[in-house]
Amino acid sequence: MTFEVKNGCFRYHQEREILRDISFQIEGAEILSVLGANGAGKTTLMKCMLGLFRWTSGASFLNGKDVRSLKSKEFWRQVGYVPQAKLPSFVYTVGEMVVLGRSAHLGELSQPGKKDWDKVDECLELVGISHLKEKLCSRISGGEYQMALIARALVTDPQMLVLDEPESNLDFKNQRIVLDTISWLCQERGLAAVLNTHYPEHAVELSHKALLLMPDGTALFGDAADVIGEKNLESAFGVPVRIRTIDLPEKKYTCVLTLPTSAPHSEKGGAL
């Protein structure tokens, strides 16, 4: 599996370009992390990648084919999308929500059959939440719902997962579970993954490659260890950064620290 964006640019109507000349490629079981300040265009980038927004110029390619040339069901059989986790108000059980991911394999008026429900059971077990199948989505925790969204993306048997801030709004334990699940799926199931994240240290630990969105709409792309450096992060986020490594018996871990700025936000012109 290969996924590539070539010279992607995007703007809303007549506004300035949010994304300028974005190019990157992932293949096989690689993990790509996308980082950038709030408002830099991370979610917009994902929607352009997936054809949910149309690039102003440039294109996305899946296995060498322009995404725009693929039929919707053909594309969504190969790509699983995990949106930002917001607990729903609709009355679905976890199992009913997950089976919706099988829509790319069903006819327009078809109902899920035994094969589809067997796949739901398989994916719920794969992410460790089989016991939640009959629970209402509105009655489970944020971490449990995040795993349910991953299961929904997996039921289509994709080659690639695209995840929008999968560890946000979760506590340390649930962040760890989500990160370990993504890593395991890529290593053991051969999936590629692209994820937006607010945590540079997660990107260093998890990813093979990184895409760092800059304030002018351009991006830096390359090996995660090369892209996620102090100077690059300072340029992207506008705050002093220090990166340190903690050498523990089991492995080395990278910590990314921000330092206090010398002026209040009002003087710096920053946005919260």
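Q: What share of the contacts in the protein with a separation of 6 or more is accounted for by residues 24 or more positions apart?
A: In this predicted model, residues 24 or more positions apart account for 64% of the contacts in the protein with a separation of 6 or more, where a contact means that heavy atoms come within 4.5 Å.

Q: Why is the protein called as compact as a globular protein of its length?
A: The chain forms 10 helices and 12 strands. Its radius of gyration is 19 Å, and the globule rule gives 19 Å for 272 residues, so the protein counts as being as compact as a globular protein of that length. Along the principal axes, the C-alpha atoms fill a box of roughly 60 × 45 × 35 Å.

Q: What makes a residue of the protein count as buried, and what percentage of the 272 residues do so?
A: A residue is buried when its relative accessible area is under 20%, and 45% of the 272 residues count as buried. The accessible surface of the protein comes to about 14,100 Å², with 50% of that area belonging to carbon and sulfur atoms.

Q: Why is Thr 181 called buried?
A: The relative accessible area of Thr 181 is 13%, and the limit for a buried residue is under 20%, so Thr 181 is buried. Thr 181 is found in helix H6, and, when residues up to four places away in sequence are not counted, Thr 181 touches Val 127 and Met 147.

Q: Why does Arg 16 count as exposed?
A: Exposed means over 50% relative accessible area, and Arg 16 has 56%, so Arg 16 counts as exposed. Arg 16 is found in the loop between strand E1 (2-10) and strand E2 (19-27). Apart from its neighbours within four places in sequence, Arg 16 is in contact with Arg 11 and Pro 215. The C-alpha atoms of Arg 16 and Gly 217 are separated by 9.3 Å, although these two residues are 201 residues apart along the chain.

Q: Why is Thr 261 called partly exposed?
A: The relative accessible area of Thr 261 is 38%, a value that falls between the limits of 20% and 50%, so Thr 261 is partly exposed. Its place is in the loop between E12 and helix H10 (265-268), and, leaving aside its neighbours within four places in sequence, Thr 261 is in contact with Val 239 and Pro 240. Between the C-alpha atoms of Thr 261 and Leu 206, 55 residues apart along the chain, there is a separation of 29 Å.

Q: Why does Asn 63 count as partly exposed?
A: The relative accessibility of Asn 63 is 35%, which lies between 20% and 50%, so Asn 63 counts as partly exposed. The place of Asn 63 is in the loop between strand E4 (57-62) and strand E5 (65-66), and its phi is near 50°, a positive value in a residue other than glycine.

Q: How do you know which element gives the most to the lining of the second largest pocket?
A: A lining residue has an atom within 4 Å of a point of the pocket, and 15 residues line the second largest pocket, with Glu 201, His 202, Glu 205, Tyr 253 and Thr 254 lying nearest its centre. Helix H6 (172-189), helix H7 (200-206) and strand E12 (252-258) are the elements that give two or more residues to this lining, and E12 gives the most, with 6 residues. The lining residues divide into 7 nonpolar, 3 polar and 5 charged, and the volume of the second largest pocket is about 340 Å³.

Note on methods
Residues numbered from 1 in each chain as written. Predicted model: local features only at pLDDT ≥ 70, side-chain atom pairs only at ≥ 80, totals over all residues. Heavy atoms only, no water. 1 Å grid on protein atoms, 1.4 Å probe; cavity = no way out; pocket = protein on both sides within 12 Å on 5 of 7 lines; lining within 4 Å. Points joined across faces, edges and corners; volume = space filled by probe spheres on them. Helix = DSSP H or I, 4+ residues; strand = E, 2+ residues; numbered from the N terminus. Nonpolar A, V, L, I, M, F, W, Y, C, P; charged D, E, K, R; others polar. Rg over C-alpha atoms; globule rule 2.2 N^0.38 Å. Buried < 20%, exposed > 50% of the residue type's maximum accessible area, 1.4 Å probe, protein only. Areas by Shrake-Rupley, 256 points an atom, 1.4 Å probe, with all protein chains shown as cover.
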